[in-house]
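Trainee: I would like to go through the terms used for this model. Please set each value against its cut-off.

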Amino acid sequence: RYASIGFLGLGNMGKHMATNLIAANHHVTIFDVNPQALDHFKEQKQAKIVTVPQQAVQSSEFVILMLPNGKIVRDVCQSSLFPAAKKGTYIIDCSTIDVRTSKEMADMARSKQLSFLDAPVSGGTTGAQKGTLTFMVGGQENDFKAIEPILSKMGKNIVHAGTNGSGLSAKICNNLLLAISMIGTSEAMNLGIKLGLNTDLLAKLINSSTGQCWSSQTYNPCPGVVPNVPSSNDYNGGFASEMMIKDLLLALEAAKEAQAATPLTEKATELYREICSNGLNKKDFSVVFKYLNKK
Ligand code: NAD
């Protein structure tokens, strides 16, 4: 069955996710505050492009959000989504935001007879493009079952993490580890190169040794090691360093509340702050390699 889906936020991630829904023959209506983000869809002619968010919401059974942060998610929900959505609409928020905002949105949605689920993703822009994302979903079991077929067109691991906010809790833990592993991979690659090792050989050795991780294998920060990732494209596209700071701050906030020790998360936040204040805020977070290399 083909569903009518509204999609808000067609940036680095959203554009690929929406493209996969269109390829699966769903009826997709798209909106982004930045008209340039929609250029990509003009040639395809299969997506319906609208100029106000309400038009992407009012006749949709599902609305997907892929927005930068919690403040924007809240604004969009309160000003256009909740007033325009018809009863029974499933709102699937795939953005990485704080648990509290997400739970509040879920409560507000419920009072309007709408279903709101947090469904943040992992897998990066490559995963979004290939349709291999992992979705970590927070919400009621029956709502999860209802959205699962839609998510399966954009990802290959669709996991029900628990009640509202649980998907985000898992996502925040994952990204804390990702930031640390990206910094670690960059330190190791940079040191190895300065010790005279061949870049490809070093990457290959790490990837068949105990240091192997997603940052070294799939998304190596050293230019030329992996084709078609941001490091091989002057760190453009991908996941902006300023977005990584946002996620690290979410982790620190959650850790403070839960009284969990996170010494390396604190260090990673400091380093990404330094990177951003050096004008690299829009560059992919793997730019940490270039930053260390030039230091
Ligand atoms: P992005 O900045 O490339 O895209 C966000 C899009 O939202 C932009 O096109 C922007 O114009 C649009 N937007 C902003 N305000 C809007 C509004 N009010 N209404 C409609 N559209 C609006 O960001 P991204 O990299 O695609 O990330 C989106 C979300 O996904 C973030 O929460 C991020 O943390 C998360 N995420 C990103 C990655 C990644 O690798 N890029 C991976 C996992 C999760």
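Mentor: Start with the ligand. A residue counts as near a molecule if its C-beta atom, placed from the backbone, lies within 6 Å of it. Keep in mind that this is a predicted model.

Trainee: Which residues come nearest to the ligand?

Mentor: There are 26 residues around the ligand, and Gly9, Gly11, Met13, Asn34 and Phe239 come nearest. Helices α4 (70-84) and α6 (124-130) each give two or more residues to that shell. By type, the shell divides into 15 nonpolar, 10 polar and 1 charged.

Trainee: Why is the ligand said to lie between domain 1 (4-162) and domain 2 (169-294)?

Mentor: Both domains give residues to the shell, so the ligand lies between them.

Trainee: What span is expected for helix α8 (residues 166-194), and what does it reach?

Mentor: At 1.5 Å a residue, 42 Å is expected for its 29 residues. From first C-alpha to last, α8 reaches 43 Å, which is close to that. Gly196 follows α8, with a positive phi near 95 degrees.

Trainee: What makes α11 roughly antiparallel to α12?

Mentor: The axes of α11 (residues 241-258) and α12 (residues 263-280) cross at roughly 150 degrees and come within 9 Å. Angles over 145 degrees count as roughly antiparallel, so α11 is roughly antiparallel to α12. The crossing is left-handed.

Trainee: And why is α8 called roughly perpendicular to α12?

Mentor: Their axes come within 10 Å and cross at roughly 65 degrees. The range for roughly perpendicular is 65 to 115 degrees, so α8 is roughly perpendicular to α12. α8 also passes α12 in a left-handed crossing.

Notes. Residues numbered from 1 in each chain as written. Predicted model: local features only at pLDDT ≥ 70, side-chain atom pairs only at ≥ 80, totals over all residues. Helix = DSSP H or I, 4+ residues; strand = E, 2+ residues; numbered from the N terminus. Nonpolar A, V, L, I, M, F, W, Y, C, P; charged D, E, K, R; others polar. Domains from an automatic or database assignment. Expected span 1.5 Å × (residues − 1). Axes fitted to C-alpha atoms, helices over the stretch in contact; angles between N-to-C directions. Parallel < 35°, antiparallel > 145°, perpendicular 65-115°, else oblique. Left-handed = near helix turned anticlockwise from the far one by under 90°.
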